[in-house]
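Visitor: I am new to this structure and would like to know what the terms rest on. Please show it to me.

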Amino acid sequence: MAELALAGEGLAVRAHIAADTPRLRLLVLQPTPFCNIDCSYCYLSNRQSTARMSLQTLALACQRVFESPRLGGQLEVAWHGGEPLAVPLSWYDDAIALIAERRPASLQLSHRFQSNGVLLNEDWARFFARTQARVGLSIDGPADLHDANRRTRRGQGTHEKAMRAVRVLRDQGLPFHVITVLTERALEDADRLFAFYVDNGITEVGFNIEEIEGANARSSLADGAVEARYRTFIKRFFGLVWDAPGLLKVREFESALECLLAEEPVWDEQNSPFAIVSVAHDGTISTFSPELLGARHARFDDFAFGHVAEGGLADVEQTARFRSVSSEIRRGVEACERSCRYFRWCGGGAPANKLFETGRFDATETMHCRLTRQAVLDTVIAGIEMRSAPLAGGQTPARASCAEAMESRP
Amino acid sequence: MSNKPDRTPPSIQLAAVSLVAAVACVLAGSAHASRRPASASLDDHELSARVAAIAARVRADETRLLPHLRLEPKMAWRN
């Protein structure tokens, strides 16, 4: 047991929690559920609502998080939506100042925004620079792939505006990453996607998949034959990345390799209560997978475990709904540990995907884990084996391109 | 792609601190002479052994190229 002392807003809390309890490191804030576009695969059911988080609600959210003994020494605030940039920039000036005023002095705090880029302009870029916020843009590759799913409510493509956001961020010298949602349509286009990123100065990419989750009940990837094509795509893309060291950083490969090289078994923050705390625009508190925020399900109704105006995280922990969900998620992780050979490098899968694919949190294998974890781990393992020299060979000389890549590291 | 450096616009900076790039560098060299067929469907024991072999191979060169990379055994939320 460890005794922690935290101070924030004149409040001092001392509490006992297990020393090995995962710390709260990610706060997902939903300033609005509203999204200015209408992607075909979106999991949010209330994305037409223009409701906005009040600063009073934000202050209460800060209080609940900053007073919690679960808080670690670092906290990342992820502004998620809906589309976070649908809220005026002036609101964020106030919000970030409020958070800065109330945070414990010792807390290292950072902000990140995930945006569709449509509203991103020079003012936003200056704001990101001023607040040192990390920016992620949702871009599905070239226009035909992107506009097939990422459209306005009037059916117009959004690629041109998203690419303008890329240019704005590049012109301002701001680092950013891109998240691409892979659908069945993209699986033959590994080379074209790689070229798209490189040609547009995109150096960091994450691949999401079209998930069966929340309001999106079907996926174009949910077919055994498609799964084989997905593996071919991942294998090809890994080869492209590997053969051009340092040119493109792909989140899935980085994460898989990090897990493979880690000396301890991997744990998944989505399976650990309060490692992630999500707060909706109206002050609703949730945890585990952030996609549970605002989602509904026949077995649980919703996943609103508490409200910032009614109590702290410790109070949430005592609710029947939280205990029921937490228990079922834990059983699911235990079942994964018993049955899955990838468990050591996975940590038990994503609870939201288990629920929305199978109807239960205590399920094991899902399409999501086959594609985003198993296929990627298999690819990285096999890819490295194919390209590596035996250990007995001693030190191997790095290629010239490798040396250049490594010299670019900060 | 490595034989097409002219495709990279001059303004592009290389991705920062890529573990894949670092490991690619560590394992570069006599790769072609030592390629082995890779299988994607093996039993639990063999999978563990393969991962252990990769980790050992990388760590053998860790002091040269990987000292600044912090390996955290955590699967992070990705959206």
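Visitor: What is A:F128 in contact with, leaving aside its neighbours within four places in sequence?
Guide: Contact means heavy atoms within 4.5 Å. By that rule A:F128 touches A:L85, A:F113, A:L120, A:A133, A:V135, A:L169 and A:L174. This is a predicted model, in which local features need pLDDT of at least 70 and side-chain atom pairs pLDDT 80 or more, while totals for chains, interfaces and linings use all residues. Residues are numbered from 1 along each chain as written, chains are lettered from A and ligands numbered from 1 in written order, and side-chain values use heavy atoms, without hydrogens and water.

Visitor: Which residues have the most contacts inside the largest nonpolar core?
Guide: They are A:W79, A:F128 and A:F237, in a core of 121 residues. A nonpolar core is a set of buried Ala, Val, Leu, Ile, Met, Phe, Trp, Tyr and Cys residues joined through side-chain atoms within 4.5 Å. The largest share of this core, nine residues, comes from α7(A).

Visitor: Why does A:L240 count as buried?
Guide: Buried means under 20% relative accessible area, exposed over 50%, and partly exposed in between, with a 1.4 Å probe and protein chains only. A:L240 has 3% relative accessibility, so it counts as buried. A:L240 lies in helix α7 (residues 224-242) of chain A; helices are DSSP runs of H or I with at least four residues, strands are E runs of at least two, and both are numbered from the N terminus.

Visitor: What puts the buried residues of α3(A) on the same side?
Guide: The residues in question are A:W124, A:A125, A:F127, A:F128 and A:T131, in helix α3 (residues 122-131) of chain A. They cover an arc of only 160° around the axis, so they lie on the same side of α3(A). The arc is that of the directions from the helix axis to the C-beta atoms. These buried residues pack against α2 (89-102), β5 (108-115), β6 (134-138) and α5 (159-171) of chain A.

Visitor: How many aromatic pairs are there over all chains?
Guide: The count is 28. Rings of Phe, Tyr and Trp (its six-membered ring) pair if their centres lie within 6.5 Å; planes under 30 degrees apart are stacked, over 60 edge-to-face, and the rest tilted.

Visitor: Why is the pair of A:F274 and A:F322 called stacked?
Guide: Their ring centres are 5.2 Å apart and their planes stand at 25°, so the pair is stacked. Both A:F274 and A:F322 are buried.
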